[in-house]
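I would like to walk you through a few places in one structure, slowly, and I would ask you to keep the view open while I talk.

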Amino acid sequence: MKFSELDGAAVGAWGAGREIRSLRAAFDRHLPTARLAVIVTDQPVPQAERGGFPGTRFATDAGALAACDVVVRSPGVSIYRDELRALLAQGIPVTTSTSLWLAEDGGRGVIAVTGTKGKSTTATLTAHLLGAAGRSVQLAGNVGVPAIELLDRPAAEHVVLELSSYQIADLATGPRVAVFTNLYREHVDWHRGEAGYRRDKLRLASLPGVELVVANAADPGLAELRDSAGEQLRTFGDASGYHVDERALRRGDAVVAEIAALPFPGRHNALNLCAALATLEAVGVPAPPLPQALEGFRMLPHRLETVTLDDGVAWVNDSISTTPESALAALASYPEHRVILIAGGHDREQDYTGLGRELARRGSVVLGLPVTGERLVEAARAAGVADAELAADLPAAVAEARRRARAGDVVLLSPAAPSFGAYADFEQRGAHFRALVHTG
């Protein structure tokens, strides 16, 4: 289904977030006879927030969508919910604003980036390098602007689109290029299990319109994809292509850039850069010289963001970390420092055994936050961490870290869990950490 096919339709939306607000604005500008008839949310929307949807009815019962011609779901609404399946059984099409936009243009010139972690950084790096190479480019999706807003922007040679598994799960039209950074256990609640998450993530490579697949050869979670993509496949992370050793980023045997010269910490971020470079190579764009081409590039907020250096102690905000694997990557970014790790959050049944072992090997201090912090502390102690304890909340953890930290330490908020329950999202959690550090 294309966006233009909604003219004259009564559209229902499930959710009232950023993408639905952009969709409403796109209707006003492009489809004057389409109307957003009803918005369903799981929690009532405050009256003050309804002003952006004039003439739209609000409800908390998904049955209100049954009278609509089509339903546009927010990415956070799982396609596996019984209410949504009931709408499909009634013959009511369900889509997303991203899917509507992709179908409108057929995915031409679109580079879609996905992965369990690293997709935002990889997408941003890819767009930055395309621009540095003299190409016109738009950055959209979960980073940049919602894809539907590109209807109002001048056409570009390339659109770099960051996609989550939530958006891929029922996507109908593929991009020209599908880029995969890695794949491991995550979002099992939304996808009703790990197998569902893997299936929904990997389906991006097989969608209509996909011509090239760029995948991390070093990630075992992508082995299935590497076996199925055939001649479409281009890889990074292996010795023949762009890869990282202890000192440098290389293309085969040739040194492309010294890791110490890159404007971001961590081997995992250097590997994200490999993904971006391999993508440029796949679409036939010569890579601009490094590290010069990265001048002006800034890491996204809440991703290994140094909040301050205070009395020789680095305070680092990595609130985007929602898995043990991402916390391990954050730890590896500071190999020469003692790390005081603040971690814990919403429980998604993650396994903290490996993280506990690495914390023990590093001689780290662990301060666990509710809810998963209890399991993390147990795993750390079982692995031999001598200094691991629970904190009541983030303010208590920051205060305790301040008491323990000494010159040369890194106090690292890398929660290895989502923020739900204590915070609305990882941005709010990271902003609170920043505020606590600055006011302490």
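This is a predicted model: local features need pLDDT of at least 70, side-chain atom pairs count only at pLDDT 80 or more; totals for chains, interfaces and linings use all residues.

In the chain, Tyr242 belongs to strand E12, which covers residues 242–244. If we leave aside residues up to four places away in sequence, Tyr242 touches Phe236, Gly237, Leu249, Arg250, Arg251, Val256, Cys274, Leu277, Ala278, Glu281 and Ala287. As for Arg434, 192 residues separate Tyr242 from that arginine in sequence, and the C-alpha to C-alpha separation in space is 35 Å.

One of those contacts of Tyr242 is Cys274, and that brings me to the cysteines. Cys274 is buried, because its relative accessible area is 0% and the cut-off for buried is under 20%. Cys68 is buried too, with a relative accessible area of 8%. How many disulfides does a search of the whole structure find? The search finds zero, where a disulfide, in general, is a covalent bond between the sulfur atoms of two cysteines.

On the H10 side the contact is made by Thr353, Leu355, Gly356, Arg357, Leu359 and Ala360, while H11 contributes Leu376, Ala379, Ala380 and Ala383. Sorted by class, this contact of H10 with H11 holds seven nonpolar residues, two polar and one charged.

The other pair is helix H12, residues 394–404, with helix H13, residues 426–439; their axes come within 10 Å and cross at roughly 40°. H12 and H13 are therefore oblique to each other, and the crossing of H12 and H13 is right-handed. Which residues of H12 meet H13? They are Leu394, Pro395, Val398 and Arg402, and the residues they meet in H13 are Arg429, His432, Phe433, Leu436 and Val437. By class, the contact of H12 with H13 has six nonpolar residues, one polar and two charged.

That is where I will stop, and I am glad to go back to any of these places.

Note on methods: Residues are numbered from 1 along each chain as its sequence is written. Side-chain values use heavy atoms; hydrogens and water are left out. Axes are lines fitted to C-alpha atoms, for helices over the stretch in contact, and angles run from 0 to 180 degrees between N-to-C directions. Helices (H or I, at least four residues) and strands (E, at least two) are DSSP runs, numbered from the N terminus. Angles under 35 degrees count as roughly parallel, over 145 as roughly antiparallel, 65 to 115 as roughly perpendicular and the rest as oblique. A crossing is left-handed if the near helix is turned anticlockwise from the far one by less than a right angle, and right-handed if clockwise. Contact means heavy atoms within 4.5 Å. Ala, Val, Leu, Ile, Met, Phe, Trp, Tyr, Cys and Pro count as nonpolar, Asp, Glu, Lys and Arg as charged, and the others, Gly among them, as polar. A disulfide is a pair of cysteine sulfur atoms within 2.5 Å. Buried means under 20% relative accessible area, exposed over 50%, partly exposed in between (1.4 Å probe, protein chains only).
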